Amino acid sequence: MMEEPLRVGSFDEDVFDRSRRIGWLDLDSIADADVMVVGAGALGNEVCKDLALSGFRKITVVDMDHVVGSNLNRCLFFSAEDAGRGAKKAEVVAQGISRISRSATPLARVCRIEEVPASVFEQQDVIMGCLDNIRARIHTNSHSYAAGKPYVDGAMEGFIGKAFVSLPPEGACLQCGMNRTHAKVAEKRFSCTGKDVVFHEPRLAAEITTTSIVSAVMVREVLKIVSGRRDMCLSNGFFYDGQRNVAEEFEIPRDPSCSVHVWPG
Amino acid sequence: MSVRIKVKNAETGATVEMELEVENTVDEVIESAATFWSKDMGAYVLRKGKKVLKGSGSLKDAGIRADDVLELIPDPEGG
């Protein structure tokens, strides 16, 4: 088959021309990959923006919550109008993805991650955790691992940020790095409500610059995974402290006694 | 057998010297250090070099020796 003839200015008409100049990026695989973003808050907004601009099309956004005014200092896709009408975060983010990528076909799931069937996890190429509580992270991590799907988690508080990459069936999962302090926090959140609705007290500090850095690291790891370059992935964590100007890799070793790894089958 | 180690507070750079039994767990070290620095309720991990230490494991299991410097880092929860 003959190649398209070169035309003057053609490099500037191709949306992904600059991406194509990164040799290892597999743009076809990126366009074809199914990515589920769990959580449509600050990280979810930034992650979805980066995914869409990077060429991902099939993005599922999961969130049960609605937009409020205090989200607006760090959430690109949310507006005061969305907050005023209590719009669902997942739907607003999905609409935002469509605005910045005409080829994207985002799907909003307005529900808790615990309500998403295991079969949906199995359909994904990568799952991304943009959550705001440990319990939902544990659920998403374990279900991703059980489905054999890479899980990329991000979290932040103030100027502290973290990203983590799990690549089943090898290596550690997010839960391998948890300890008694995580259990206490998870229990506190649960006992605050008496039901499966998270209630943060005190509210956690959050601002956009740390959100941008963590989400960028997360999406970059997904680009590597989908492009078949797991060899370049973090092994397996990234820690960021914007107040001390620290950005470094850390490693969570696999814990053979972790409940995710001792599940039968 | 007891060992004397240093724990560094990643958020401030401060260090505290701790005298511990090798049977003490990493969880116990985390909670003691977090209490010493009056840390907010939250999740923390302890690492030696790049590696995060298993909470329920003992210092002996983790290969901790006298004069080691461990770092207490916050594990953020927000999204």
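Me: Where is Asn236(A) found, to begin with?

Reply: Asn236(A) is in the loop between α10 and β7 (237-241) of chain A, with helices (H or I, at least four residues) and strands (E, at least two) being DSSP runs numbered from the N terminus. Bear in mind that this is a predicted model, where local features need pLDDT of at least 70 and side-chain atom pairs count only at pLDDT 80 or more, while totals for chains, interfaces and linings use all residues. Residues are numbered from 1 along each chain as its sequence is written, and chains are lettered from A and ligands numbered from 1 in the order in which they are written.

Me: What makes the peptide bond from Ser235(A) to Asn236(A) stand out?

Reply: That bond is cis, and its omega is near 0°. Most peptide bonds are trans. Another cis bond joins Pro168(A) and Pro169(A), with omega about 10°; Pro169(A) sits in the loop between β6 (160-166) and α9 of chain A.

Me: Why does Asn245(A) count as exposed?

Reply: Asn245(A) has 8 C-beta neighbours inside 10 Å, so it is exposed (12 or fewer other C-beta atoms within 10 Å is exposed, 20 or more is buried, in between is partly exposed, with C-beta atoms placed from the backbone). Asp67(B) has 10 such neighbours inside 10 Å and is exposed too. Ala183(A), with 15 other C-beta atoms within 10 Å, is partly exposed.

Me: What do Asn245(A) and Asp67(B) show in their phi?

Reply: Phi is positive, about 60°, in Asn245(A), which is not a glycine, and near 75° in Asp67(B), also a residue other than glycine. Most residues other than glycine have a negative phi. Asn245(A) is in the loop between β7 and β8 (246-250) of chain A, and Asp67(B) is in the loop between β4 and β5 of chain B.

Me: How do you know how α4(A) lies against α6(A)?

Reply: The axes of α4 (residues 42-54) and α6 (residues 89-100) of chain A come within 9 Å and cross at roughly 30°. That makes α4(A) roughly parallel to α6(A) (under 35 degrees is roughly parallel, over 145 roughly antiparallel, 65 to 115 roughly perpendicular, the rest oblique). Axes are lines fitted to C-alpha atoms, for helices over the stretch in contact, with angles from 0 to 180 degrees between N-to-C directions.

Me: And what makes α4(A) oblique to α10(A)?

Reply: α4(A) and α10 (residues 208-226) of chain A pack at about 45°, with axes 9 Å apart. So α4(A) is oblique to α10(A).

Me: How many residues of chain B touch chain A?

Reply: 22 residues of chain B are in contact with 33 residues of chain A, contact being C-beta atoms, placed from the backbone, within 7 Å. α1(B) gives the most to that side of chain B, with 4 residues.

Methods
Contact = placed C-beta atoms within 7 Å.
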